[in-house]
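Hello,

Here is the structure for you to look over.

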Amino acid sequence: MLPDELQAVNARVRAVSDRIQPLLEPHPGLAKRNAHAHVWLGLKVIFGDDWRDRAAPASVHAFLAWMDANPNADYEEYAGPREELTAGERGELF
């Protein structure tokens, strides 16, 4: 992803996290839920550890919209797009 796309994702994560924080239900083993960690972990679970390099921005935004609408759902329930950038879009040489 380009730097401006990453900034947009970061801003959207902050907005979603701030909105869902009071909606998060208790979780076993956690004294208090951290919405920011919840959303970032979701991105890693759905798109992999290297999501910044591989995930298409539209897919990331679709996941964030889903998280906004489903703050307590398990990540595995996400059925939206998981598109990856092409090698050219990632800046890789052929």
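First, a term: contact means heavy atoms within 4.5 Å. This is a predicted model, where local features need pLDDT of at least 70, side-chain atom pairs count only at pLDDT 80 or more, and totals for chains, interfaces and linings use all residues. Residues are numbered from 1 along each chain as its sequence is written, and side-chain values use heavy atoms, with hydrogens and water left out. Helices are DSSP runs (H or I, at least four residues), numbered from the N terminus.

Start with α1. The helix has 18 residues and reaches 26 Å from first C-alpha to last. That is close to the 26 Å expected at 1.5 Å a residue (1.5 Å times one less than the number of residues). Val-9, Val-13, Val-16, Ser-17 and Ile-20 are buried (under 20% relative accessible area; exposed is over 50%, partly exposed in between, with a 1.4 Å probe and protein chains only). They sit on the same side of α1 because they cover an arc of only 100° around the axis (taken from the directions from the helix axis to the C-beta atoms). The buried residues of α1 pack against α2, α3 and α4. On the other side, Pro-3, Asp-4, Gln-7 and Asp-18 are exposed.

Now α2, residues 35-47. Its buried residues are Ala-35, His-38, Val-39, Gly-42, Leu-43, Ile-46 and Phe-47. They cover an arc of only 135°, so they lie on the same side of α2. Their cover includes α1 (3-20), α3 (51-54) and α4 (57-69). After α2 comes Gly-48, with a positive phi near 95°.

Best wishes

Notes. Helix = DSSP H or I, 4+ residues; strand = E, 2+ residues; numbered from the N terminus.
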